[in-house]
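Please look through the strands and the nonpolar cores of the structure shown here.

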Amino acid sequence: MVEHSRELNRTLVAIADPTRRVLLSRLALGAARVTDLAARFDMSLNAVSKHLRVLEGAGLLRREVRGREHRLSLEARPLREASEWIAAYRPFWEERLDALDAFLRKKRRRRRCGRRGRP
Amino acid sequence: MTASVPSLRVVRRLAARPEEVFDAWIDAESLRAWMCAGATHVASAEVDPRVGGKFRIVMRGAQGDVEHTGRYREIRRPERLVFTWASNHTGGRETLVTVELRSRGADTELTLTHEGLPDDEACRRHEAGWTSIVEKLAAALAAK
């Protein structure tokens with residue numbers, strides 16, 4: 001449970017950065033070389049590598065080494081888990097918004113009793 | 001698939017004008033009335049509705065008190081309210097909630113987006129936290 005939560009934290013931190021989200025979106029389309037990613041997003045090799053290491057640490061990347069070439073591909077499982085976690089919040093907000101609706105209706109009824117003809 | 005931030009979206013049509021809906025979100029007395037109807041009720045609600053201001057809502061239920069805290073990021077009455085949200089349910093993580101309101105005749109269409117995304121500040125803290133843990137570990141190993 002604690003282990004799961006730690007993994008989730010790493011996923012969330014990894015995807016909190018807009019550059020890393022763009023890199024993930026690119027990798028979602030297919031595997032790429034580090035040099036391709038750097039050229040595509042106009043970043044230094046160093047900067048891209050730093051972001052890729054964070055993604056790798058969060059288990060979001062698979063790295064395949066062929067000679068001197070590193071090919072990267074997306075590992076989507078942690079993203080799925082993160083989505084499931086936030087989806088569990090849906091019933092909470094559904095219930096709160098039902099209550100907000102009831103609260104506003106009660107307020108409106110009370111006001112109607114007081115005066116009429118409001119646009 | 002696209003690598004989007006995990007998020008959920010709830011859309012609801014409410015029988016009130018956007019101004020009234022907006023105020024119900026930032027007024028402590030209103031929050032106490034609706035934020036925890038049903039099995040739970042709000043034990044206390046404190047709000048400081050300014051950008052950077054904090055809020056704290058304690059919900060009392062069968063399983064005890066749950067504290068929800070956050071900070072207002074954007075307050076644009078009556079169309080947009082953005083705040084961070086953390087509680088036991090989020091594992092103490094800071095998440096981001098955006099409430100958008102659109103006028104629909106005499107009603108309001110509310111769109112709530114909850115993102116499992118630590119905000120920049122939380123993210124920096126996380127990174128600082130990890131860095132200091134790694135540094136401590138390195139120091140402990142070096143001392144051996």
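This is a predicted model: local features need pLDDT of at least 70, side-chain atom pairs count only at pLDDT 80 or more; totals for chains, interfaces and linings use all residues.

B:I57 has B:H68 of β4(B) as its bridge partner. The pairing of β3(B) with β4 (residues 64-76) of chain B is antiparallel and runs over eight bridges; strands count as paired if DSSP finds at least two bridges between them.

Residues are numbered from 1 along each chain as its sequence is written, with chains lettered from A and ligands numbered from 1 in the order in which they are written.

Chain B holds three helices and seven strands, in the order β-α-α-β-β-β-β-β-β-α from the N terminus. Helices (H or I, at least four residues) and strands (E, at least two) are DSSP runs, numbered from the N terminus.

The largest nonpolar core has 23 residues, of which A:L104, B:V21, B:A24 and B:W34 touch the most other members. Such a core is a set of buried Ala, Val, Leu, Ile, Met, Phe, Trp, Tyr and Cys residues joined through C-beta atoms within 7 Å; buried means 20 or more other C-beta atoms within 10 Å of the residue's own, with C-beta atoms placed from the backbone. α1(B) gives the most to this core, five residues.

Conventions. A residue is buried if 20 or more other C-beta atoms lie within 10 Å of its own, exposed if 12 or fewer, and partly exposed in between; C-beta atoms are placed from the backbone.
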